[in-house]
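Subject: Structure handover

Hi,

Here is the structure we talked about. Please open it alongside this note; what turned up follows below.

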Amino acid sequence: MIGILIVTHGNFGTELLKSAELIIGKQDNVKTLGLNHGDNVDELYDRVSEAIKELDSGDGVLVFTDLFGGSPSNVVARNMEHLNFYSLTGVNLPMLIEALSNRKCFSIDKLITSSYKAGYEGIRNIREILSCNK
């Protein structure tokens, strides 16, 4: 099973996982890490490294971050210098649910593609959709 790590500012990742589990049930082989005000970025780097190693059961690890260019995303990118894993930024609930639901049966490449697509397609303009139905 592909391991999932969510690295975000504050408790966003933890709460996002709780929301996903509310919809699809409790998940194994998934972790969240948050960077809070005053936290040491180098310590987060080490925690990310350890979490990736722990989550890699042989099928790969997909790391989600909240904001490209933010400290969590930068720490994840730095870990790519010495660890083999994949990462998507801009994590949202549709993207996470897609990844969690399909990580047992999809290859890592297919999971990345389907998660990216679900995240992108999960962004909708409700007013526009409703006005088209009139």
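Start with Ser-57. Ser-57 sits in the loop that links H2 to S3. Helices (H or I, at least four residues) and strands (E, at least two) are DSSP runs, numbered from the N terminus. Beyond neighbours within four places in sequence, Ser-57 is in contact with Met-1 and Asn-29. Contact means heavy atoms within 4.5 Å. A polar atom of the Ser-57 side chain lies 3.1 Å from the backbone oxygen of Met-1. For such polar contacts, the cut-off is a pair of N or O atoms within 3.5 Å; within protein, one must be able to donate a hydrogen and the other to accept it, and residues adjacent in sequence count only if both atoms are side-chain atoms.

A word on the source. This is a predicted model: local features need pLDDT of at least 70, side-chain atom pairs count only at pLDDT 80 or more, and totals for chains, interfaces and linings use all residues. Residues are numbered from 1 along each chain as its sequence is written, and side-chain values use heavy atoms, with hydrogens and water left out.

Now the sheet. Four strands make an open sheet, ordered S2-S1-S3-S4, with parallel pairing. Two strands pair if DSSP finds at least two bridges between them. Strand S2 (30-35) and strand S4 (86-89) are at the edges with a single partner strand each, so one side of each has no neighbour in the sheet. From one strand to the next, the twist averages 20°. Strand S1 (residues 3-9) and S2 run parallel, joined by six bridges. His-9 is opposite Leu-35 in S2.

Helix H3 (residues 71-79) packs on this sheet. H3 touches S1, S2, strand S3 (61-65) and S4, and its direction makes about 140° with that of S1. Axes are lines fitted to C-alpha atoms, for helices over the stretch in contact, and angles run from 0 to 180 degrees between N-to-C directions.

Next, the helix pairs. Helix H2 (residues 41-55) packs against H3 at about 55°, with the axes 9 Å apart. H2 and H3 are therefore oblique to each other. Angles under 35 degrees count as roughly parallel, over 145 as roughly antiparallel, 65 to 115 as roughly perpendicular and the rest as oblique. Residues of H2 that meet H3 include Val-41, Leu-44 and Val-48. Helix H1 (residues 12-24) and H4 pack at about 60°, with their axes 10 Å apart. That makes H1 oblique to H4. On the H1 side, the residues include Leu-16, Ala-20 and Ile-23; on the H4 side, they include Leu-93, Leu-96 and Leu-100.

Last, Asn-92. Asn-92 lies in the loop between S4 and helix H4 (93-102). Is Asn-92 buried or exposed? Asn-92 counts as buried, at 17% relative accessibility. Buried means under 20% relative accessible area, exposed over 50%, partly exposed in between (1.4 Å probe, protein chains only). Setting aside residues up to four places away in sequence, Asn-92 touches Leu-16, Gly-119 and Ile-123. Its side chain reaches the backbone oxygen of Gly-119 at 3.0 Å. At the start of H4, a side-chain oxygen of Asn-92 comes to within 3.0 Å of the backbone nitrogen of Met-95.

Best wishes
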